[in-house]
Amino acid sequence: MPHIEINGLDASAEEIHRVATRNHGHFTSMQVRGGAVRGLELHLRRLETASRELFGAVESDGARVRALIGHALRDVRDASVRVSVVSRAGAPASADVMVAVSDPVSDVPKPALRVRTVTYERELPHLKHLATLGLIHHRLLAQRAGFDDVLFLGRDGYVREGSIWNVAFWDGERVLWPEAEVLPGITMLLLRSALDKIGVPWSTRRLTADALPSLRAAAATYSHCPAQPLASIDDTAFTGDDGELAAALNTAWAEVPWDSVGAVSD
């Protein structure tokens with residue numbers, strides 16, 4: 001099943017080589033189940049907004065990208081899909097849309113993760129861009145040191161985001177998200193809206209690593225898992241919420257509707 005299309009056509013070796021050797025663009029990743037995606041409109045809006053900023057034009061408008069996703073899926077109902085918008089060779093103000101379809105990943109949370117903090121700030125943190133070296137590098141270093149993943153702090157000392165995820169905390173009464181310059185993850189945005197719907201309070205707060213021991217639980221949120229438990233951050237272990245955070249996030253996630261991609265015939 002895994003395959004790549006660029007602008008609706010099977011990608012050639014030459015095109016893949018160009019994309020692989022020119023690291024300028026942005027992307028979004030989504031999980032397709034039964035031909036539908038949670039938060040599809042937010043994914044499409046993310047791509048359109050980033051294209052305006054990076055390329056000064058929108059060649060990744062929502063209707064076109066939706067059609068390209070449907071075309072690349074063909075008759076596949078369950079998959080992982082990554083949509084990348086990359087600069088076109090010889091035309092810096094133009095872009096190509098690349099849709100990569102691969103096997104679906106498990107929706108089941110892993111055992112609670114042990115993560116460590118490191119000071120690191122992504123360039124253009126509000127964009128999900130292709131410059132992922134720092135994310136991968138720091139995650140690998142953490143794993144070599146015996147941790148599962150990494151949580152980034154800004155140079156100001158405040159908690160930001162994980163390697164490929166947003167972080168949520170539980171203070172015993174509400175869900176807390178770091179108030180900082182981070183990527184506004186689609187899963188995080190959907191959860192915030194759904195938490196409002198089910199009546200679970202949430203807020204944002206500037207958090208330092210020193211404030212973490214006062215919190216009861218922590219979780220990573222990303223496209224295929226809204227509530228991946230964190231066992232610890234550095235020396236702070238989270239054992240005091242009896243599953244309240246995971247229950248709140250999972251209940252909210254169940255309220256998020258699925259948006260049909262809609263297959264496009266050849």
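Here is a short exchange about how features of this predicted model get their labels.

Me: What should I know before reading the values?
Reply: This is a predicted model, where local features need pLDDT of at least 70, side-chain atom pairs count only at pLDDT 80 or more, and totals for chains, interfaces and linings use all residues. Residues are numbered from 1 along each chain as its sequence is written, and side-chain values use heavy atoms, with hydrogens and water left out.

Me: Where is Val32, and why is Val32 called buried?
Reply: Val32 sits in strand S3 (residues 25-33). Strands (E, at least two residues) and helices (H or I, at least four) are DSSP runs, numbered from the N terminus. Buried means under 20% relative accessible area, exposed over 50%, and partly exposed in between, with a 1.4 Å probe and protein chains only. Val32 has 0% relative accessibility, so Val32 counts as buried.

Me: Which residues does Val32 touch, leaving out those up to four places away in sequence?
Reply: They are Val37, Leu73, Arg77, Asp78, Ala79 and Val81. Contact means heavy atoms within 4.5 Å. Arg77 is 45 residues from Val32 along the chain, yet their C-alpha atoms are separated by 6.9 Å.

Me: How many aromatic pairs are there, and what makes two rings a pair?
Reply: Rings of Phe, Tyr and Trp (its six-membered ring) pair if their centres lie within 6.5 Å. Planes under 30 degrees apart count as stacked, over 60 as edge-to-face and the rest as tilted. By this rule there are 2 aromatic pairs.

Me: Why is the pair of Tyr120 and Phe152 called tilted?
Reply: The ring centres of Tyr120 and Phe152 are 4.9 Å apart and the planes stand at 55 degrees, so the pair is tilted. Tyr120 is in the loop between strand S7 (113-119) and helix H4 (133-144), and Phe152 is in strand S8 (residues 149-153), so the pair ties together parts 32 residues apart in sequence. Phe152 is at 1% relative accessibility, so it counts as buried.

Me: What makes the pair of Phe169 and Phe238 tilted?
Reply: Their planes are at 50 degrees and their ring centres 6.5 Å apart, so this pair is tilted. The pair links distant parts of the chain, 69 residues apart: Phe169 is in strand S10 (residues 166-170), and Phe238 is in the loop between strand S15 (236-237) and helix H6 (244-254). Phe169 has a relative accessible area of 0%, so Phe169 is buried. Phe238 is at 10%, so Phe238 counts as buried too.

Me: What does Ser232 touch, leaving aside neighbours within four places in sequence?
Reply: Ser232 is in contact with Leu113, Arg114, Val115, Ala237 and Phe238. Ser232 belongs to strand S14 (residues 225-233). Its relative accessibility is 9%, so Ser232 counts as buried.

Me: How do you know that Arg82 lies over the face of Phe27?
Reply: A charge sits over a ring if NZ of Lys or CZ of Arg is within 6 Å of the ring centre and within 35 degrees of the ring normal. Arg82 is at 3.7 Å from the ring centre of Phe27. Arg206 lies over the face of Tyr158, at 3.9 Å from the ring centre.

Me: Why is helix H5 called roughly perpendicular to H6?
Reply: The axes of H5 (residues 186-198) and H6 come within 8 Å and cross at roughly 90 degrees. Angles under 35 degrees count as roughly parallel, over 145 as roughly antiparallel, 65 to 115 as roughly perpendicular and the rest as oblique. That makes H5 roughly perpendicular to H6. Axes are lines fitted to C-alpha atoms, for helices over the stretch in contact, and angles run from 0 to 180 degrees between N-to-C directions.

Me: Which residues of H5 and H6 meet?
Reply: Thr187, Leu190, Leu191, Ala194, Leu195 and Ile198 in H5 meet Ala248, Leu249, Thr251, Ala252 and Trp253 in H6.

Me: Why is Asp242 called exposed?
Reply: Asp242 has a relative accessible area of 74%, so it is exposed. Asp242 is in the loop between S15 and H6.

Me: What makes the phi of Arg74 worth a look?
Reply: Most residues other than glycine have a negative phi. Arg74 is not a glycine, but has a positive phi of about 55 degrees. Arg74 lies in the loop between helix H3 (62-73) and strand S5 (79-88). Its relative accessible area is 44%, so Arg74 is partly exposed.
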